[in-house]
Amino acid sequence: MSISAPAAPRTLNTFLGRWTMYRFTVWVLLAIAAWSFVLSFAGVLFYTPAELGATAVTALASTLVTSRVAGLLLRTRPQTDSSLITGLLLFFLFWPSTDGVQLGCVALAGAVATASKYLLVFRRRHIFNPAAAGAFVVAVTGLGGAVWWVATPGMLIVVLPAAVLVLYRNRLLPMAGVFALTAAVVVLARFLAGGESVSYALATIVGSYPLVFLAGFMLTEPLTLPPLRSQRLAEAVVVGVLFAVPLSLGPVMMSPELALLIGNALAFAMGQRGAVRLRLRETRELTPTARELVFEPIRPVRFRAGQYVELAVPHFEPDSRGTRRIFSITTAPSEPGTVAVGLRVAEPGSTFKTALLKMRPGAEVAATTVAGDFLLPRDKRTPVLMIASGIGITPFISQLRQVRGEDRDIVLVYAASSVEELAYAGELQDLGVRVLVCTPSDPGIPGWTWLGPGLPDAVVLRTEVPDLAARTAYVSGSPQAVAAARKAVRSAGGRRVRTDPFLGY
């Protein structure tokens, strides 16, 4: 028997994948802002609707206008979603007010935050969280400072589920959890050492400290994160401790934004220093509905087999999916001078993919992020089961190219909608990996075992891979396919399953 991925239940990943992480974050922050107005009208918040409105308009106008000016001066296309996110974050950090001086501080913070994206950079990669940088600079000048008014019990009602959704969408819940736990434990210890009760301490931590907001919307900003999970967890611990301990650096007192900036500097030291520029060499047809774009990096790119790259392609009137998309790298790290990505081509396509596929050889694009933890076990003796659905084969191609010639026990289950949609079939045959192919008809490829259409269920997996319980399973593809395959692996006795759902599939 087999599982039909399209018939599998729609997952939360499928829903969240309708938007880019940036556009989704904008919608979520707008929802939180709307909730603040509800609380204001109800008399729950101390601030009036006029004060909230004036502060929000000032923050957003400052970031949007500064972004447009910088774009004109530097001849770059401003990122509207990024500007909106920065403005909304600052709205939640500074005192809501209609006072001209207070609003001037908010405007200055917005201008500094936006300018930091262009000035505090290394090889076109910005180093610090813009909102935190803007708030910190304003505080240092003595003109004002961030108060993080968003950290109130009433706001937490919406901030908590919103943050969880964003973190789940970006697969950063573990990092946020480590930060929150570290900071909460340290703060709790300080309260108890001061003679406060546990109940009072916990209530204060939950209701008055911006743990959730900082973790959900600032600490985990994708562009300032290190590439590996272990590095991200280390950053979370450092920021959590600094956040919770009242230290001072000379005349500068520790604050949430300063703790975050120190964490950003640590992340920058651990990650890919500088933005990545890629020059298109060629576009190859993989299948009737899939293409591979082969690039030459302007500078060497550090990555590991199974990681992804986020490409930025500014274009006219982008749709809801924005101007940045994530793609798995298909080349191996051992292949010098080449970075390739595979993508599915659908009709009608997104404006991003349309613009990307119109590029001609010699055109350049920026890669804003190189990261991911979908990595093979370090111990080469660990047997592996790979399950790919459609274009989900791409991270496995990078891994199989990297381990070519190594004595690895790897079984690949490869499902496609037709024989014609089996990308890299010839190369997989040359690599000599054992392939269990799932297509409506038998492709007749020597050495491959045909299992029929759809992903195999638990019974078929146990039959074809009897030692599955001893293997580390990796599943890649659409969210529906990944959810179905993961369930089948678990039902078949698999204990270690790593997933890589392609959001926006």
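Arg-408 is placed in the loop between helix H14 and strand E13, where helices (H or I, at least four residues) and strands (E, at least two) are DSSP runs numbered from the N terminus. The model is predicted, so local features need pLDDT of at least 70 and side-chain atom pairs count only at pLDDT 80 or more, while totals for chains, interfaces and linings use all residues. Residues are numbered from 1 along each chain as its sequence is written, and side-chain values use heavy atoms, with hydrogens and water left out.

At 17% relative accessibility, Arg-408 counts as buried; buried means under 20% relative accessible area, exposed over 50% and partly exposed in between, with a 1.4 Å probe and protein chains only. Leaving aside neighbours within four places in sequence, Arg-408 is in contact (heavy atoms within 4.5 Å) with Leu-376, Pro-377, Arg-378, Asp-379, Lys-380 and Val-403. The C-alpha atoms of Arg-408 and Thr-382 are separated by 7.8 Å, although these residues are 26 residues apart along the chain.

Helix H14 (residues 394-402) contains Gln-399, which is buried at 0% relative accessibility. Apart from neighbours within four places in sequence, the contacts of Gln-399 are Ala-305, Gly-306, Phe-374, Leu-375, Leu-376 and Met-386.

A search of the whole structure finds 15 aromatic pairs. Rings of Phe, Tyr and Trp (its six-membered ring) pair if their centres lie within 6.5 Å; planes under 30 degrees apart count as stacked, over 60 as edge-to-face and the rest as tilted. The rings of Phe-92 and Trp-149 have centres 5.7 Å apart and planes at 45°, so this pair is tilted. The pair links distant parts of the chain, with Phe-92 in helix H4 (residues 80-93) and Trp-149 in the loop between helix H6 (130-141) and H7, 57 residues apart. Both Phe-92 and Trp-149 are buried. In the pair formed by Phe-374 and Tyr-474, the ring centres are 5.4 Å apart and the planes stand at 80°, so the arrangement is edge-to-face. Phe-374 lies in the loop between strand E11 (364-371) and strand E12 (384-389), and Tyr-474 in strand E17 (residues 472-477), so the pair ties together parts that are 100 residues apart in sequence. Phe-374 is buried, with a relative accessible area of 5%, and Tyr-474 is buried with a value of 1%.

Ring pairs also link Phe-46, Tyr-47, Phe-91, Phe-92, Trp-95, Trp-148, Trp-149, Phe-213 and Phe-217 into a cluster. Of these, Trp-148 is found in the loop between H6 and H7 and is buried, with a relative accessible area of 5%. Most residues other than glycine have a negative phi. Trp-148, however, has a positive phi near 50°, and Tyr-424 has a positive phi near 65°. Tyr-424 lies in the loop between strand E13 (410-415) and helix H15 (425-431) and counts as buried at 7% relative accessibility.

In soluble globular proteins, nonpolar side chains tend to be buried together. A nonpolar core is here a set of buried Ala, Val, Leu, Ile, Met, Phe, Trp, Tyr and Cys residues joined through side-chain atoms within 4.5 Å. The largest core has 72 residues, of which Ile-32, Phe-92, Phe-179, Phe-213, Phe-217 and Met-218 touch the most other members. Helix H2 (residues 21-41) supplies the largest share of this core, nine residues. Beyond neighbours within four places in sequence, Ile-32 is in contact with Phe-92, Met-155, Val-158, Val-159, Ala-162 and Phe-217. A second, separate core of 29 residues includes Ala-290, Met-386, Ile-397 and Ile-445.

The expected span of a helix is 1.5 Å times one less than its number of residues. For the 21 residues of helix H8 (residues 173-193) this gives 30 Å, and the end C-alpha atoms are 30 Å apart, which agrees. Met-175, Ala-176, Phe-179, Thr-182, Ala-183, Val-187 and Phe-191 of H8 are buried. Seen down the axis of H8, the buried residues fall within an arc of 165°, so they line one face of the helix; the arc is that of the directions from the helix axis to the C-beta atoms. On the other side of H8, Leu-181 and Ala-193 are exposed. The cover over the buried residues of H8 includes helices H7 (153-169), H9 (198-208), H10 (211-219) and H11 (229-244).
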